[in-house]
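I opened the notebook and wanted to see how the pieces of this fold sit together. Here is the thing I was looking at.

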Amino acid sequence: MQIKNNEMNILVEALPYLSAFKGKTVVVKYGGNAMLNDDLKNKVLEDIVFLRCAGMHPVVVHGGGPEITAMLKAAGKKSEFVSGLRVTDKETVGIAELALVGKTNTDLVRRLNILGGNAVGLNGKDAKLIEARKHLADVYENGQVNLVDIGYVGTVEKVNTDLINLLITNDYIPVIAPTGIEPDGETYNINADSVAGEVAGALKAEKLLMLTDVKGIFEDHNDPSTFISTLTFEKAQELIVKGSIDGGMIPKVKACISALSGGAVKTHIIDGRQEHSILQEIFSDEGVGTEVVRD
């Protein structure tokens, strides 16, 4: 088999990154449309297995919004969202847990293991991995912030990293479903973006990669020419208040901010629908998405 010149150039460009990131932890938040197409799903998971084979320590935090929505619809329940977060009553949190832990998590673990990934499925209840408390959603109106009760939706209080570190030290890929548990045993559905940010911060990850359905962040999301390749989290906060970042992008940007505040080195928002976007973002000079940094 012949290697073409452009493929060789890609390998040469990746070499310093392969060396620099060996032994580093990379948290990948996997969700959105990249989870709906089987072929694309396997491409993303191949990238994650590649990171492990390259000597890095990938940790996956996954969503499952479309699966939850489908199961709620089958149960005759309508999905409602506030600031990109699902309004969750007692019945909904049970359905969400079934979709996330019972279906999505086990499917991803199965697929990763078929690809040679050595993956282990986890959720927030395992060894009290994710301790949670009730979350009130932020609603931005006229430059003001209002707090809204959206039910059994949690905020991460603490990530107990011992189990994650034990797994990655032994060359496993932890795959984490975004549920959490309160001290009294109450289960909370937690936004997967938020969990990924807290996990990345707690692990002091080298990188957090947020997979989404757009290229990255735009000053004006209706104008492609306003794409932002690098963004400080101070500017990100400003764009949220201004309304340039809204809807489901808000939790993703906030996850980057919390990861950086917790000790992660760099965060990235990339289009998970683009083939091998994870590898392009990590192992190339230009990258493909928006990099959110401390300053």
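Below are my entries on a helix, a sheet and a few ring pairs.

**Ground rules.** I'm working with a predicted model, where local features need pLDDT of at least 70, side-chain atom pairs count only at pLDDT 80 or more, and totals for chains, interfaces and linings use all residues. Residues are numbered from 1 along each chain as its sequence is written, and side-chain values use heavy atoms, with hydrogens and water left out. Helices (H or I, at least four residues) and strands (E, at least two) are DSSP runs, numbered from the N terminus.

**Helix 2.** I looked up its length to begin with. The expected span of a helix is 1.5 Å times one less than its number of residues. For the 16 residues of helix 2 (residues 38-53) that gives 22 Å, and the end C-alpha atoms are 22 Å apart, which agrees.

Next I asked which residues of helix 2 are buried. Buried means under 20% relative accessible area, exposed over 50%, and partly exposed in between (1.4 Å probe, protein chains only). The list includes Leu 40, Val 44, Leu 45, Ile 48 and Leu 51. An α-helix has 3.6 residues a turn, so residues three or four places apart point the same way.

What do the buried residues of helix 2 pack against? I noted strand 1 (25-30), strand 2 (57-62), helix 4 (90-114), strand 8 (173-177), strand 11 (207-212) and helix 9 (277-283); contact means heavy atoms within 4.5 Å. Just after helix 2, Gly 55 takes a positive phi of about 90 degrees.

**Strand 8.** Is strand 8 enclosed or open? 5 of its 5 residues are buried, so strand 8 is largely enclosed by the rest of the structure. Ile 173, Val 175 and Ala 177 are on one side, with Pro 174 and Ile 176 on the other.

I then checked its neighbours; two strands pair if DSSP finds at least two bridges between them. Strand 8 runs parallel to strand 2 over 2 bridges, and to strand 5 (residues 119-123) over 5 bridges. Val 175 is the bridge partner of Val 60 and also stands opposite Gly 121.

In what order do the strands come? I wrote down 5-8-2-1-11-15-16-14, an open sheet of 8 strands with mixed pairing. Strand 5 and strand 14 (230-232) are the edges, each pairing on one side only. Neighbouring strands are turned by 20 degrees against each other on average, direction ignored. Axes here are lines fitted to C-alpha atoms, for helices over the stretch in contact, and angles run from 0 to 180 degrees between N-to-C directions.

At the strand 14 end, 3 bridges join it in parallel to strand 16 (residues 290-293), and Thr 230 has Glu 291 as its bridge partner. Helix 8 (residues 249-262) packs on the sheet, touching strand 11, strand 15 (266-271) and strand 16, and makes about 175 degrees with the direction of strand 11.

**Rings.** Rings of Phe, Tyr and Trp (its six-membered ring) pair if their centres lie within 6.5 Å; planes under 30 degrees apart count as stacked, over 60 as edge-to-face and the rest as tilted. I got 3 aromatic pairs by this rule. One of them is Phe 50 with Phe 283, edge-to-face at 5.9 Å centre to centre and 75 degrees between the planes. Phe 50 lies in helix 2 and Phe 283 in helix 9, so the pair ties together parts that are 233 residues apart in sequence. Phe 50 is partly exposed at 38%, while Phe 283 is buried at 7%.
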